[in-house]
Amino acid sequence: MAQAQKITPRAKDYSEWYNDVIMQAELADYSPVRGCMVIRPHGYRIWELMQRALDDMFRATGHQNAYFPLFIPMSFLAKEAEHVEGFAKEVALVTHTRLKATGKTGAQAVAVDPESALEEPLVVRPTSETIIYAMFAKWIQSYRDLPLLMNQWCNIVRWELRTRLFLRTTEFLWQEGHTAHATEAEAEAEARQMLAVYRQFQEEWMAMPVITGRKTDSEKFAGALRTYALEALMQDRKALQAGTSHNLGQNFARAFNVQYQTAAGGLEYVWNTSWGVTTRMIGGLVMTHSDDNGLVAPPKLAPVQVVIVPIWKSEEEKGQVLGVGGKVKDELAKAGIRVELDARDSLKPGAKYFEWEAKGVPVRLEIGPRDIAAGQVMTARRGGGKAPATLDSLTASIPGVLNEIQAALLQAAKDRTEAHSIRGATKAQFLEFMKGGGGFAYGGFCGSASCEAEIKQETAATVRVLPDPEFRSPEPPRTCMWCDKPSIAEAVWAQAY
Ligand SMILES: [Zn+2]
């Protein structure tokens, strides 16, 4: 039982619980650099599985991967006025290229060599629009070069004062898609398409239901015409922005002179989009499904989908259960299942159960001498439920069990999100809702930045999205939930990460 008690219960301290789940599952750890984290193998495997699935989806929609430099000339950031304002406060700068030995000892043994100052400082990319569109200007000449559809997997740096593992760190991993199109309609279709790709991934792979929609002007990406986002509700009823897709209009094309010759011979600026999801999704996965015993990983993204725990007392039994366990492992692995056999001598079965539970393994197979005699194993699901299964039917039955678990996790997350959503709220109901723990509040919105600011001031809630049609309430709201002026759109408010 000792292992389980290392995790603070959610009801006691949600934020401590979140950190404990990550540390116990060995997903990540704090690094010697403040604000930066180390992603450990179990966490990095989740990211690799996410990458693989998303990369296939990007490829299927016509995108190619490329790689652009980590450093961006400082002057590039100044070229797009809104963009520079949005990112200026959180960039890391490289100003020198050398250290020199001082002849002293300890921390003073090296110093910055003043002779090595760069003529123009380099920004460590906070996002890559500027350097990518500078290259697009070289590569795009004619309408025949369009659309140009690219993606890069990389790290970025945005200086953060307050950090949370996976959710907010100074350096993080992401992908950033960047595209150029001949018309506004094509760019808009691309931005919407990638939002749909993200939604499909987050629901089908992460089992994390999301609301999609448009950001208000105060929440949109610096330099974008329109920003679309996916928002998921976590177990503490706070929203997590799980991805964004931007129609950048011609802002960057003008700033970087990305022009193309039309079929008729004229010269036009291209229309750009950019879209990204990050390692923050791992934080979303943790907070959507996990419980007081640790990580709950949806089977499609679980680094280990099945763990086999052999149970023995004598050496003779050990040989027998390890033999059968090894065979089951090989068969499941051959069927494409990520499986481990925990043959460690040093731990009792119960301690192994706790460890693998904390690591979020969806299915555990317990194999003891009596099970083998009966031609069966005991299957235990991470979310609860034990049942015997015949040994020779495992490769046939386990994929179905994993699918059931995947579907049940999505349904449970949907039910929880629905239970913590209110629609058509009045101002009084909204205030009570936000005070009582919050969630997604749907209501009319007049569109004014002052209403947004007042609501944020009083409740800490922001407009997460102006939801897409399928998420909207059957009756469109007539008036602003806050000020009673005519509503221009339904909005979804929540307190957010
Ligand atoms: Zn209003």
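Is C154 buried or exposed? C154 counts as buried, because its relative accessibility is 8%. The close-ups below all come from a predicted model.

View 1. Let's start with the sulfur atoms. A disulfide is a covalent bond between the sulfur atoms of two cysteines. With a cut-off of 2.5 Å between sulfur atoms, the count here is 0 disulfides. C154 takes part in none, and the nearest cysteine sulfur, belonging to C36, lies 15 Å away. C446 also counts as buried, because its relative accessibility is 15% and the limit is under 20%.

**View 2. Helix α2 packed against helix α9.** Two packed helices are described by the angle between their axes and the distance between the axes. Here α2 (residues 14-24) meets α9 (residues 280-289) at an angle of about 115 degrees, and the axes are 11 Å apart. That angle makes α2 roughly perpendicular to α9. The crossing of α2 with α9 is right-handed. On the α2 side you will find Y14, W17, Y18, V21 and I22, which meet G283, V286 and M287 of α9. Sorted by class, this contact has 7 nonpolar residues, 1 polar residue and no charged ones.

**View 3. A389 in strand β21.** Now zoom in on A389, which sits in strand β21, spanning residues 386-390. A389 has a relative accessible area of 14%, so this residue is buried. Beyond its neighbours within four places in sequence, A389 is in contact with G375, Q376, V377, T379 and L394. For a sense of scale, A389 and P121 are 268 residues apart in sequence, and their C-alpha atoms are 64 Å apart in space.

Terms used:
Residues are numbered from 1 along each chain as its sequence is written. This is a predicted model: local features need pLDDT of at least 70, side-chain atom pairs count only at pLDDT 80 or more; totals for chains, interfaces and linings use all residues. Side-chain values use heavy atoms; hydrogens and water are left out. Buried means under 20% relative accessible area, exposed over 50%, partly exposed in between (1.4 Å probe, protein chains only). Helices (H or I, at least four residues) and strands (E, at least two) are DSSP runs, numbered from the N terminus. Contact means heavy atoms within 4.5 Å. Axes are lines fitted to C-alpha atoms, for helices over the stretch in contact, and angles run from 0 to 180 degrees between N-to-C directions. Angles under 35 degrees count as roughly parallel, over 145 as roughly antiparallel, 65 to 115 as roughly perpendicular and the rest as oblique. A crossing is left-handed if the near helix is turned anticlockwise from the far one by less than a right angle, and right-handed if clockwise. Ala, Val, Leu, Ile, Met, Phe, Trp, Tyr, Cys and Pro count as nonpolar, Asp, Glu, Lys and Arg as charged, and the others, Gly among them, as polar.
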